[in-house]
Amino acid sequence: MSPLLLLILLPLIASLFIAAGANARRTALGAALINLLAAIVLFFRYDLHKGGWQFVSQWHVLPKLGVNLILGADGLSLTMLLLAALVTFSALLVAPKIEKQEGLYYISLLFISAGVIGAFASIDVLFLYGFHELALIPTFLLIGIWGSGDRQAAAWKATIYLGTASFVLLIGLVALYLSMPPDARSFDLRQMHDLAANTNWSPARWIYILLIVGFGTLVSLFPFHSWAAPAYASAPAPAAMLHAGVLKKFGLYGLIRIALQFFPKEITEAVNPFLIILLIGNIGYIGYVTVAQKRLDWTVGYSSVMHMGYIFLGLAAFNVLGVNGAALLMFAHGLSVAAAFALCGEIRQRTGTLDYCELGGLAKSVPVLGLLFGFVTMASVGLPGFANFAGEILVFFGAALSFYAHGDLIMLIAIVIGVWGVVISAIYMLRAYRNIFWGPIAARWESLTDIAPTARYSVILLLIPLMIAGFYPQFILKMVGTVLH
Amino acid sequence: MPTLANYLLASGILFAIGLGGVMLRRSIIVIFMSLEMMLSAANLSLVAFSRYGLVNGHQNFNAQILVFFIITVAAAEVAVGLAIIVSLYRARQTTHVEDLDTLKF
Amino acid sequence: MNISMIAWITLLVPLIAAALIVLVTRTSKPLASGLAILSALVAFVGAWTLFIAKTHGDFLGFNWINVAIDLDHHFTIPLGLLIDPLSRTMLVIVATIAPLVFIYSLGYMKEEEGYWRYFAGLALFLFSMLGIVLADNLVMMFIFWELVGVSSYILIGHYFRKNSAADAAKQAFLVNRIGDFGFMLGILFIWLATGDISFASLNPEAGALQGQPVMLAIGVVLIFCGTVGKSAQFPLHVWLPNSMEGPTPVSSLLHAATMVAAGVYLLARIFPLLAASPQASEIVLWIGAITALGAGFLAIGQDDIKGILAYSTISQLGYMVAGAGLAVSAALPMFHLFTHAFFKCLLFLSAGSVILGMHHEQDIWKMGGLKNKMPLTFLAYLAGMLALSGCPGLSGSFSKDLIMAHAWADHRAIFWVLVVGAALTPFYMARQASVVFLGSPRSDHAKHAHESPMVMVLPLLLLAIPSIAAGWGFVKNIFFPEALGSLEEAGHLPWFVEWIFISAFVVGIALAFAIYRNPAKDPLRIPLLANRFYIDAFYDWAVATIQGGFARLCSFIDRWFINGILVQGSATAIWFLGFCLRFLQVGNIQAYAFFFGAGVIALIYVLLTVH
């Protein structure tokens, strides 16, 4: 029994049990816990010396067309799988008491988890895509039914926008497939690698652009980012954690695996300046949009869009340093934004509002929540000691190296704006922290209950790997380094 | 001797009359009859082709077989169609096609 | 136990203490402070051991980042400890002052809440500061630079229930970050130019810097931005006076003696690059001099006992930065850093003693006559004040006069700027001494003030010793060996230069005692000075208007243009298309039949005519 298949099937089987009437929360938590332990075991059992794809297993589906269910993992996938398992378990822990249709709630969360794990574990591109689609509709349900604020509009906007992007992506992937020579066509990544290495297969530029737009929208690349902030603001905390923390990273994962691998240098270098302009939009423009926000959920939502700009900067640098930094930053950001949304949900649960004008001085009544939020603030601001800093600094070095090698002015502008972005993120995160937790406390917040132990451990579960990777980034870098060179 | 053209002309006129009936008559029954007329016109032209479109000196019997298919299909269609018309009459109390416009924008 | 292990223990014990305090000691006051003080004492022993053993070496801990670029090359960011004369001296400064301040805090913070937070923050700060001192490469120093910033944030925001403290902490972090923006760009620049980020290999002739004075200047100025932020130089000085919102021991340790001095330490570390670039040195020199003079003026207009000292600190940091800009040797600014650390820390701690005695009243115009109520504090304060003012024979005069002497030799304009500042210093210090300690009490608190407990007074008296003696020849030679650079006089100085210094001191003090002889309120009220040259107000306006305005503009564009027109617009367009197509459903069966027939004919036509 392939361990990766187990990782995918467990949430689905748990969903079946929940549908049949088992205790939703306990079943879901049990499945997620087993998944987490399995992911950790797989992470450490990966043979670094051998490298390449391991734990591979294959089932034929449409062999003539080259479509097979192939599961396997290498360093990058295992890092992402670990992230997915951590965030899933943490998200399920933070889930509050659900009044209506508890079963459907947990089933939706489990489906998102299964989808994302399947996507990261697939070596077959079509199944990679398919598993991601599995996670799209549950998101719609979660936001639309159990969300807050303008949830219906947000749910519709996010789903249709992401659905359109997925469609564009599908066209790109099929076009990529069709551009392969007819006798060697396959959706298998390994065969695509062989083809790229041994023949002069060079897909067209419009396919590259389609893939970037498709994957990019899934990652909220400027200007295709409008779905993100409203969706995260309205989503219930566990859904936001899974989506912003893990599902978004799928787009970046796809970019690294597919878009950046198979296209000839001329095409990637020609498109790069435009990509850099877009990511400057992410960091600079969205950064200031975040500064203008007056509510915590919108701030964190927009900030997650902004931080994607850094990961794109690492990818646009197109060298080992940049891409490794991007991968590390994916892991780090996934954990930190998940923790941020978890705490956001906790605050909303207690006070019913996330508006800076209404909150204030909460550190007196909920000190542990304040302390944890302080950690999360410092992580997303890029304080050394958290993996975010390590990822960002590698991205900066990679981008600098790329500028040195190619000398294009736009990369220099991107680096300057990127480093300034560190100041921008400090502005809005510290403002959020000061307005929510510091200052004199209003009478109505005096008697709030502090964060419960389960939620506490959930956030700590996310913070600990973040700090481990912050103190010792090689822990992640040596895994992704086997892939990204 | 009548040539192929004569038969085709007859078939065409029949088809045109039927088409006119479908387009212009208000009663559903009459539209239906005109539809049958169009099918008959098609049958006529098929038989004509069978008789005159010789293949290796023999008639082209494929067309005559197709005529039987068409007759069968027409019969089935009439059965279903008349059933629909009857229930439509029961629901709407009218056979005027202009009165059936609930699926309008 | 070998030397490198001692160095690592010195660095890491405060971190472990901080972690333990956070995790374990939230309910036990003695445990929290005990752990912190213990870690400071361990650091003290470790630092002096390294100093006495004259350790010299670059001890690699591990490669924090190690990415293989190709088969032969690796990109590494190591974490290692560089112990050379410069770091040994700085280590001694930090590790000697820290335990004194920690012990003082026992008395000062006895009644305060958030005890464990305070000591955890102090321990974290000690770890971060030691990291800056011991760092062997630019990135590692940047890491600890940021950590020092967050410790400062935690400690300034200790009384976070007060709006002013919360805002001050936020401002400190953000202004420092702006400096760090330049610092980071400078690191990238130097790395690109020379391929190396370690201090030991800094070489103005390396790689792309060779024969490129402009490039070298750009790199140095970018790194100097970090100093401008951390050491509160103009124009990023506004956070330091506001940082006085933190508890006074914090102000003394971080914002007077050590953290703000880290900027000067950075300049000393990159001294080979700084000295090789006349353009960069010039910029550094002028910024330091302007800061020294400007802050000196502003100190005159302050009414808060800590505010005067804060601007004094900014001014003295200006002297240090100017000393670095003179590009004589790394030892010149470090010498003033050395003496300043002791007497400024002393001054702040005595101010803290006064504040405690006055039940947390900080306005000097409510004090008076405290010399009789708090004699020991007054004696200690006097030592610090005379040292700072440049009284001949005390430590401050040696270091400050040396900087000014070199300015006379190299850069006459700067000399006069610094001399005026040197006259202002005794003026505002004597003003403070006169208003606070002399004369008669101006309020009830002052009438009933009493001396602070021994746990606070003892560090004061201990700090008075180096305040007096730290500039003397033999002390200087121990802590500033030849290897650090020359601290000799700048050639031949005319006889009157020395007299200029002495008269600046005398005139300043005399004038202050004359004006401020037991006044009821300030006879010299200058709004320009009291309002901090309106720079703070300008920054507040600029942030609210320019940054806030730009942010609102971006938000507007995002909401109405990108979201409204493009996204909602495309959705509306599709809806509109559907709306139009709806009109094809005319409801008439015969019309449908007609459309169908027409379509078939068109299809046949297309199929027959298109090849």
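Predicted model: local features only at pLDDT ≥ 70, side-chain atom pairs only at ≥ 80, totals over all residues.
**Entry 1: extent of the A–C contact.** I began with the residues involved and found 56 from chain A and 49 from chain C. I then looked up the area buried between the two chains, which is about 4,900 Å², with carbon and sulfur atoms giving 76% of it. On the chain A side, I noted that Phe397(A), Arg434(A) and Trp438(A) supply 14% of the area buried against chain C, more than any other three residues.

Entry 2: I searched the interface of chain A and chain C for salt bridges and found 1. It joins the side chains of Arg434(A) and Asp167(C), at 2.5 Å from N to O.

**Entry 3: the face of chain A.** I listed the helices of chain A that each supply at least two residues to the side touching chain C; among them are H7 (151-179), H14 (320-351) and H16 (387-406). H17(A) gives the largest share, 13 residues. By residue class, I recorded 44 nonpolar, 8 polar and 4 charged residues on this side of chain A.

**Entry 4: chain B.** I found 3 helices and 0 strands in chain B. I noted a radius of gyration of 18 Å, whereas a compact globule of 105 residues would have one near 13 Å. The C-alpha atoms of chain B fill a box of roughly 55 × 25 × 25 Å along the principal axes. Buried residues make up 24% of the chain. Of the contacts in chain B between residues at least 6 apart in sequence, I recorded that 60% join residues at least 24 apart.

Conventions. Residues numbered from 1 in each chain as written. Chains lettered and ligands numbered in written order. Heavy atoms only, no water. Contact = heavy atoms within 4.5 Å. Buried area = accessible area lost by both parts, 1.4 Å probe. Salt bridge = Lys/Arg side-chain N within 4 Å of Asp/Glu carboxyl O. Helix = DSSP H or I, 4+ residues; strand = E, 2+ residues; numbered from the N terminus. Nonpolar A, V, L, I, M, F, W, Y, C, P; charged D, E, K, R; others polar. Rg over C-alpha atoms; globule rule 2.2 N^0.38 Å. Buried < 20%, exposed > 50% of the residue type's maximum accessible area, 1.4 Å probe, protein only.
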